[in-house]
Amino acid sequence: MEKARIHIVVSGRVQGVFFRAGAQQRAQEFGLGGWVRNLADGRVELVCEGEKEAVEQFAEWCKQGPPGAKVDRCEVNYEKPSGELENFSTLP
(Lines give C-alpha, C1' and ligand atoms only; values in the text may rest on other atoms or scores of the structure.)
Protein backbone atom coordinates (compact mmCIF):
# COMPACT_ATOMS: atom_id res chain seq x y z
CA MET A 1 0.00 0.00 0.00
CA GLU A 2 1.13 3.50 -0.82
CA LYS A 3 2.25 5.75 2.03
CA ALA A 4 1.77 9.51 2.20
CA ARG A 5 2.76 12.39 4.48
CA ILE A 6 1.13 15.80 4.79
CA HIS A 7 1.91 19.06 6.52
CA ILE A 8 -1.23 21.10 7.25
CA VAL A 9 -1.75 24.60 8.61
CA VAL A 10 -5.34 25.48 9.52
CA SER A 11 -6.58 29.05 9.99
CA GLY A 12 -9.84 30.36 11.45
CA ARG A 13 -11.48 29.71 14.79
CA VAL A 14 -9.42 26.60 15.46
CA GLN A 15 -7.99 27.14 18.94
CA GLY A 16 -10.09 26.62 22.04
CA VAL A 17 -12.57 24.42 20.17
CA PHE A 18 -10.90 21.03 20.77
CA PHE A 19 -9.31 20.97 17.30
CA ARG A 20 -6.12 19.32 18.58
CA ALA A 21 -8.01 16.68 20.57
CA GLY A 22 -10.33 16.01 17.65
CA ALA A 23 -7.42 15.73 15.25
CA GLN A 24 -5.62 13.31 17.54
CA GLN A 25 -8.73 11.14 17.84
CA ARG A 26 -9.29 11.13 14.06
CA ALA A 27 -5.65 10.37 13.32
CA GLN A 28 -5.73 7.44 15.73
CA GLU A 29 -8.94 6.14 14.12
CA PHE A 30 -7.21 6.31 10.73
CA GLY A 31 -4.04 4.65 12.09
CA LEU A 32 -1.85 7.67 11.34
CA GLY A 33 1.33 8.85 13.03
CA GLY A 34 2.22 12.49 13.54
CA TRP A 35 1.51 15.49 15.71
CA VAL A 36 -0.66 18.58 16.11
CA ARG A 37 0.09 21.87 17.87
CA ASN A 38 -1.27 25.37 18.31
CA LEU A 39 0.71 28.21 16.79
CA ALA A 40 1.17 31.57 18.53
CA ASP A 41 -0.74 33.35 15.72
CA GLY A 42 -3.96 31.38 16.34
CA ARG A 43 -3.47 28.74 13.64
CA VAL A 44 -3.09 24.98 14.15
CA GLU A 45 -0.25 23.01 12.55
CA LEU A 46 -0.36 19.27 11.85
CA VAL A 47 1.93 16.66 10.33
CA CYS A 48 0.82 13.10 9.71
CA GLU A 49 1.72 10.09 7.66
CA GLY A 50 0.34 6.66 6.95
CA GLU A 51 -1.69 4.93 4.25
CA LYS A 52 -2.43 7.40 1.44
CA GLU A 53 -6.20 6.97 1.57
CA ALA A 54 -6.28 7.53 5.36
CA VAL A 55 -4.05 10.60 5.05
CA GLU A 56 -6.39 12.05 2.42
CA GLN A 57 -9.45 11.39 4.60
CA PHE A 58 -7.70 13.07 7.53
CA ALA A 59 -6.92 16.12 5.37
CA GLU A 60 -10.61 16.34 4.46
CA TRP A 61 -11.55 16.25 8.15
CA CYS A 62 -9.10 19.10 8.84
CA LYS A 63 -10.93 21.28 6.32
CA GLN A 64 -13.95 21.27 8.65
CA GLY A 65 -12.56 20.34 12.05
CA PRO A 66 -14.65 19.48 15.09
CA PRO A 67 -18.01 21.05 15.94
CA GLY A 68 -17.38 24.59 17.12
CA ALA A 69 -14.46 25.18 14.77
CA LYS A 70 -14.72 27.54 11.81
CA VAL A 71 -11.99 26.75 9.30
CA ASP A 72 -11.26 29.68 7.01
CA ARG A 73 -8.22 28.15 5.31
CA CYS A 74 -6.57 24.74 5.27
CA GLU A 75 -3.17 24.61 3.57
CA VAL A 76 -2.21 21.02 2.72
CA ASN A 77 1.27 20.21 1.47
CA TYR A 78 2.37 16.69 0.60
CA GLU A 79 5.85 15.63 1.70
CA LYS A 80 7.93 12.48 1.36
CA PRO A 81 6.99 9.92 4.05
CA SER A 82 9.80 9.38 6.55
CA GLY A 83 8.44 6.35 8.39
CA GLU A 84 9.44 7.94 11.70
CA LEU A 85 5.95 8.93 12.85
CA GLU A 86 4.29 5.97 14.54
CA ASN A 87 1.95 7.53 17.12
CA PHE A 88 -0.07 10.72 16.89
CA SER A 89 0.54 13.22 19.67
CA THR A 90 -0.63 16.63 20.76
CA LEU A 91 2.22 19.07 21.29
CA PRO A 92 1.99 22.07 23.59
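**Entry 1: terms and ground rules**

I start with burial: a residue is buried when its relative accessible area is under 20%, exposed when it is over 50%, and partly exposed in between, with a 1.4 Å probe and protein chains only. The model I am reading is predicted, and I note that local features need pLDDT of at least 70, that side-chain atom pairs count only at pLDDT 80 or more, and that totals for chains, interfaces and linings use all residues. Residues are numbered from 1 along each chain as its sequence is written, and side-chain values use heavy atoms, with hydrogens and water left out.

**Entry 2: aromatic pairs**

I looked up the aromatic rings next. A pair of aromatic rings is described by the distance of the centres and the angle of the planes. Rings of Phe, Tyr and Trp (its six-membered ring) pair if their centres lie within 6.5 Å, and planes under 30 degrees apart count as stacked, over 60 as edge-to-face and the rest as tilted. By this rule I find three aromatic pairs.

For Phe19 and Trp61 the ring centres are 5.3 Å apart and the planes stand at 55°, so I write this pair down as tilted. Phe19 lies in helix α1 (residues 19–30) and Trp61 in helix α2 (residues 52–62), so the pair ties together parts that are 42 residues apart in sequence. Helices (H or I, at least four residues) and strands (E, at least two) are DSSP runs, numbered from the N terminus. Both Phe19 and Trp61 are buried.

Phe58 and Phe88 make an edge-to-face pair, with 5.9 Å from centre to centre and 65° between the planes. Here too distant parts of the chain are linked, since Phe58 is in helix α2 and Phe88 in strand β5 (residues 88–90), 30 residues apart. Phe58 is buried with a relative accessible area of 0%, and Phe88 is buried with 4%. I also note that Phe19, Phe58, Trp61 and Phe88 form one aromatic cluster.

Which residues of the largest nonpolar core touch the most other members? A nonpolar core is a set of buried Ala, Val, Leu, Ile, Met, Phe, Trp, Tyr and Cys residues joined through side-chain atoms within 4.5 Å. Of the 24 residues in the largest one, I list Ile8, Val10, Phe19, Leu46, Phe58 and Cys62 as touching the most other members. At least two residues of this core come from each of β1 (3–13), α1, β3, α2 and β4 (70–79), and α2 gives the most, with six residues.

In α2 I find Ala54, Val55, Phe58, Ala59, Trp61 and Cys62 buried. Seen down the axis of α2, its buried residues fall within an arc of 155° (taken from the directions from the helix axis to the C-beta atoms), so they line one face of the helix. What covers these buried residues includes β1, α1, β3, β4 and β5.

**Entry 3: Glu49**

I then turned to Glu49, which is found in strand β3 (residues 44–51) and counts as buried at 7% relative accessibility. The side chain of Glu49 makes a polar contact with the side chain of Arg5 (2.9 Å), where a polar contact is a pair of N or O atoms within 3.5 Å; within protein, one must be able to donate a hydrogen and the other to accept it, and residues adjacent in sequence count only if both atoms are side-chain atoms. The Glu49 side chain also reaches the backbone nitrogen of Ser82 at 3.1 Å.

Methods:
Contact means heavy atoms within 4.5 Å.
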